[in-house]
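Thanks for coming, everyone. Could you bring up the structure on the screen, so that we can walk through it together?

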Amino acid sequence: MNKEEFIDYLNRINITVTEEGLNKFETYKNLLQEYNQKFNLTSITEDKSIYLKHFYDSLYLLTLKETQEASTILDIGTGAGFPGIPLSIMLPNTQITLVESNTKKCGFLNIVKEKLNLKNIEIINKRAEDYTKEKREYFDIVTSRAVANLKILLELEIPSLKTNGYFLPLKSNIEEEIKDSQNIIKNLSVDIEKIIKYTLTIENSNRTILKIKKLQKTNPKYPREYSKILKDK
Ligand code: SAM
């Protein structure tokens, strides 16, 4: 996907990117390429793949009105910034928090924040389970891409979400993970409202966004210690 296709394919899903936004995406792409080796950021390094597999894929979350209307978004395990940074470029009035345990990657995120002049992001160098223990019942939307299986993600992210807020993980094939998550879904009082399946354009690979609603305040015992969460697998 080149820059023109990026604009065109976003238009097809009713997303418009401004000239200023496009310039930021280009700078971000250049920074990813420049710092990739130093910070060990991503295996996706070609221009066209960055636009498709990182930028366009992250922005698919904007097809949900809940993402567009959110005031606060949390992205756990953001790595080099996905999906959080593309969302922050498109939603300058939304406060976006990026949590990443790897200190080097946070160093890169700070460079991106400065070079793109992103005033709406906060970068937190912590493990998710520590962050969500303290920042509870706060975000309108929580999300993550390629971090852990659903069962683990639910426990790491739901405590930080407001009641009636949505957890929107980006996934590929999800059926097994949903089956494995039934107990924690019940214990955390969440409801899988919708399973949004789509194909990533051009390469036609399968993608899923789960739309998971939080129905009530989370019991303070969650998230448990990480070793405990893992043992439950
Ligand atoms: N979300 C990004 C993407 O889609 O390109 C990065 C995915 S990368 C495969 C997973 C990232 O999650 C890594 O950067 C890792 O350091 C981070 N991570 C894994 N477990 C974490 C945890 N418990 N708390 C915070 N970050 C975590």
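I'll start with the ligand, go on to the pockets, and end with a few backbone details.

A word on the source: this is a predicted model, where local features need pLDDT of at least 70 and side-chain atom pairs count only at pLDDT 80 or more, while totals for chains, interfaces and linings use all residues. Residues are numbered from 1 along each chain as its sequence is written, and side-chain values use heavy atoms, with hydrogens and water left out.

So, which residues come nearest to the ligand? They are G77, F82, E100, A128 and R145, out of 15 residues around the ligand; "around" asks for a heavy atom within 4 Å. By class, this shell has four nonpolar, five polar and six charged residues. In that scheme Ala, Val, Leu, Ile, Met, Phe, Trp, Tyr, Cys and Pro are nonpolar, Asp, Glu, Lys and Arg are charged, and the others, Gly among them, are polar.

Now the polar contacts, meaning pairs of N or O atoms within 3.5 Å. A polar backbone atom of F82 is 2.8 Å from a ligand nitrogen. On the side-chain side, K105 has a polar atom 3.0 Å from a ligand oxygen, and R127 has one 3.0 Å from a ligand nitrogen. The ligand taken alone exposes 600 Å², and the protein buries 79% of that, by the Shrake-Rupley method with a 1.4 Å probe.

Where does the ligand sit? The space it takes is the largest pocket, with a volume of about 390 Å³. A pocket here is an open set of points on a 1 Å grid over the protein atoms alone, where a 1.4 Å probe fits, with protein on both sides within 12 Å along at least five of seven lines; lining residues have an atom within 4 Å of a point. This pocket is lined by 21 residues, and H54, F82, R145, A146 and V147 lie nearest its centre.

The second largest pocket has a volume of about 220 Å³. Its lining counts 13 residues, with E20, K24, I89, M90 and P92 nearest the centre.

Last, the backbone. Most residues other than glycine have a negative phi, and most peptide bonds are trans. Finally, N14 has a positive phi of about 60°, although it is not a glycine.

Methods. A polar contact is a pair of N or O atoms within 3.5 Å; within protein, one must be able to donate a hydrogen and the other to accept it, and residues adjacent in sequence count only if both atoms are side-chain atoms. A molecule sits in a cavity or pocket if more than half of its atoms lie within 2 Å of its grid points. Grid points are joined across faces, edges and corners, and a volume is the space filled by probe spheres set on the points.
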